[in-house]
Each structure stands twice: as structure tokens, then as C-alpha cells.
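Reader: I am new to this structure. Can you take me through it feature by feature?
Author: Gladly; have a look first.

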Amino acid sequence: MSPSGQLAGLGVLVTRPQAQAAGLCRLIEAAGGRALPFPTMEIQPVADPASARALLAQDWDLMVFTSRNAVELALALGCDATWPRAARLAAIGRATAASLTTAGRAPDLVPPERFDSETLTAMPELAAMTGRRVLIVRGEGGRALLGEVLASRGATVEFAEVYRRVRPAVDPGPLLEQWPTQVGLAIATSDEVLLNLVEMLGAAGRDLLLATPLVVISERTATTAQGLGFRTVRVAERAEDQAIVTALGALAGEGGRRGL
């Protein structure tokens, strides 16, 4: 039996923003599992996009898109999808790259393995950045690492923040009532998604959550989860939906709790 086939009968808590969860939920269902959507983050446009719009209208040697949200919300500001003011485009992740390609221009740089800032900055094309103008398109309060590394190599770095992340206000009671029999595994695709989940479930749900095997997509989030007290954490090989489902299947095969 393949790892994904071992999902039969398991309920999987999917914590992604609602608009981004459909594909992952379909894969979970195709593997015989039961997707249980519980978004712990909402994506909204920034309150005042004037600064981002002005930056996006300038000339850049490199524009880096940190997520699919960054692509979609930048385009919503009226940008030309061919990004004519950018000499090169970079995307962190295949989903981000696919969004750029579908919109009108494929990125020039995509990390070949793990899809994060560390892997992008390790690419040889970004080793010498003296005098280069770089625009990082991201959400409010994104990680500083990418900008810091490129600046240390001589680049002039600016940030166009085109969206903000908001924690939903929901009653966790109905979910907690069914958790012992319905939730077998959980997914968290970022530190913020995970921390929001902990906050949303509150003290009443903490023990249930920490006892639930968790799949994450980075070592950084795995470290956060372990610090919170999660007993079982697995890092997917890649930040892709199929890799997440494969990791879920591997956990299920090691004894994930089956929903009834």
C-alpha cells in the first residue's frame, strides 16, 4: 500500500486559508481521508496600498514573490502580469511560480529543492548582488531573512507589502466536540498558521491538539511545534500538496488515530 493509501478513514485538519485549501483537500479525499477545513488565517489586502503600488511601478533588477498571495494581491493593484519593469522574477515555491506563469510571465528563478528563503538565497544566480535593485513582494511583517541576505551581498532592497494576514474569529466549540473521534492528523503550513491554531483552540483544546500528529513544511515550523509540546511532528519533503499528503500517509502508517 502506498503511503497516501493509508489515509483511508482518517480525518485531517486543514488549516490553510480557505481560498488556498481546495486542492489539498481534494488530494486528501482522493487518498481516502476526510478533509476537515479549519482556516486559521485570512488573507486581506493592505489597508493602504499606495506605497506598494508605487514600488511595483519602478524598475528593478529582480522582483521576488514570496507566495501565491503576493502574486495575486499585486495583480489586484492593476499591475501588468508580464512585469515589464523587472529584469528577472523569482518565486519562492512552485505554487507561486505557477501563479506567475499563469498570469503572464514565468519566473526566472525558483528554488530547486526546499521552497524557502534559505534555498533561494543559496542559488548561484544570487551570489553577487552589488548594485542590484531588488523588490520583495510579500505580506505585512514577512520574514526579514531574504532581504537581509541580499542586502549583505550589496543589493538595494525594498519591500512591497500587498496583503495582510488576519486570524479568524470563530467558535472552536463544535470542532473540539468532534475532535476525539474525527480528527486524526493536522497540517500547519507556516509558523503563523500554527500559532493561530493554538490561540483559536485555547486552553480547552490544547491537550487534544498537542496529541494529534502534525505535518509541517519547514524545519523552522517543526521546531516551533516541538517547542509548543507537540508529540509527533513530520516535515514534508517539499512545500507541495502531494508531498504533504505523502507525509500524512507516512504518519498514518505509524499509528495516526483513525476518525470514526
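Author: Start with two strands. Strand 4 (residues 60-65) and strand 5 run parallel and are joined by five bridges. Two strands pair if DSSP finds at least two bridges between them. Helices (H or I, at least four residues) and strands (E, at least two) are DSSP runs, numbered from the N terminus.

Reader: Which residue stands opposite alanine 90 in strand 5?
Author: Valine 64 does.

Reader: What should I know about the model itself?
Author: This is a predicted model: local features need pLDDT of at least 70, side-chain atom pairs count only at pLDDT 80 or more, and totals for chains, interfaces and linings use all residues. Residues are numbered from 1 along each chain as its sequence is written, and side-chain values use heavy atoms, with hydrogens and water left out.

Reader: What is the strand order in the open sheet of five strands?
Author: The order is 3-7-6-4-5, with mixed pairing. Strand 3 (42-45) and strand 5 (86-91) stand at the edges with a single partner strand each, so one side of each has no neighbour in the sheet.

Reader: What packs on the sheet?
Author: Helix 6 (residues 145-152) does, touching strand 4, strand 6 (133-139) and strand 7 (156-166). Contact means heavy atoms within 4.5 Å.

Reader: How do I read an aromatic pair?
Author: Rings of Phe, Tyr and Trp (its six-membered ring) pair if their centres lie within 6.5 Å; planes under 30 degrees apart count as stacked, over 60 as edge-to-face and the rest as tilted. The count here comes to one aromatic pair. Phenylalanine 65 and tryptophan 83 form this tilted pair, 4.9 Å centre to centre with 55° between the planes. Phenylalanine 65 lies in strand 4, and tryptophan 83 in the loop between helix 3 (68-75) and strand 5.

Reader: And packed helices?
Author: Two packed helices are described by the angle between their axes and the distance between the axes. Axes are lines fitted to C-alpha atoms, for helices over the stretch in contact, and angles run from 0 to 180 degrees between N-to-C directions. Helix 7 (residues 173-182) and helix 8 pack at about 10°, with axes 11 Å apart. Helix 7 and helix 8 are therefore roughly parallel (under 35 degrees; over 145 is roughly antiparallel, 65 to 115 roughly perpendicular, the rest oblique).

Reader: Which residues of helix 7 make the contact with helix 8?
Author: Leu175, Leu176, Trp179 and Pro180 of helix 7 do. They meet Leu201, Ala204, Gly205, Leu208 and Leu209 of helix 8.
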